[in-house]
Amino acid sequence: MDREILNEKNILLNLPSESKIEAIERVGNLLVENGYVEKEYIEGMKKREEDITTYIGNGVAIPHGVSEYVKYIKKSGIVIAQYPDGVDFGDGNRAYIVIGIAGKGDEHLNILSKIALTCQYEENVEKLKNAKTPQEIIEILEKGDE
């Protein structure tokens, strides 16, 4: 897995529940702090959520910016926030894993497809939800759908 795009600095564990907007801001700010995007990109992430939920099922949400905010991406990055008690994404959907994505070109798609494959299995999401270290999260995602 490309360590430029996803590494241990990009993973926040054991966060207390907060609103979905706060969760989106949190992963957005981590993308900013770690040099992937300019802060304007967070606005694009919130707009995307207003248009259509980024909750993808199985306790996972993948916030990302609407296309006109792509210009604020410096380089592709993926950040992961773990919420053991979940975040309410509306319509009875709770996300325990919130994955913020900034994608430039196609370079992040490989990791994204691995995440999607991993998260289609509830037991994997359960493992992600209970992971105790960033390294453990990366290992679960690298195993993917094996």
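The model is a predicted one, in which local features need pLDDT of at least 70 and side-chain atom pairs count only at pLDDT 80 or more, while totals for chains, interfaces and linings use all residues. Residues are numbered from 1 along each chain as its sequence is written, and side-chain values use heavy atoms, with hydrogens and water left out.

Two packed helices are described by the angle between their axes and the distance between the axes. Here, helix α1 (residues 20-33) and helix α2 (residues 40-51) have axes that come within 9 Å and cross at roughly 145°. Helices (H or I, at least four residues) and strands (E, at least two) are DSSP runs, numbered from the N terminus; axes are lines fitted to C-alpha atoms, for helices over the stretch in contact, with angles running from 0 to 180 degrees between N-to-C directions. In contact terms (heavy atoms within 4.5 Å), α1 contributes K20, I21, I24, E25, V27, G28, N29, L31 and V32, which meet Y41, I42, M45, K46 and E49 of α2. By class, eight nonpolar, two polar and four charged residues make up this contact; Ala, Val, Leu, Ile, Met, Phe, Trp, Tyr, Cys and Pro count as nonpolar, Asp, Glu, Lys and Arg as charged, and the others, Gly among them, as polar.

Also in helix α1 is L30, a buried residue with a relative accessible area of 7% (buried means under 20%, exposed over 50% and partly exposed in between, with a 1.4 Å probe and protein chains only). Leaving aside residues up to four places away in sequence, L30 touches K9, N10, I11, L12 and V79.

D91 lies in the loop between β4 (77-88) and β5 (94-102) and is exposed, at 79% relative accessibility. Its phi is near 55°, a positive value in a residue other than glycine. N14 likewise has a positive phi, near 60°; N14 is placed in the loop between β1 (11-12) and α1 and is exposed at 59%.

Turning to side chains, the charged end of K129 sits over the ring of Y96, 4.0 Å from its centre (NZ of Lys or CZ of Arg within 6 Å of the ring centre and within 35 degrees of the ring normal).
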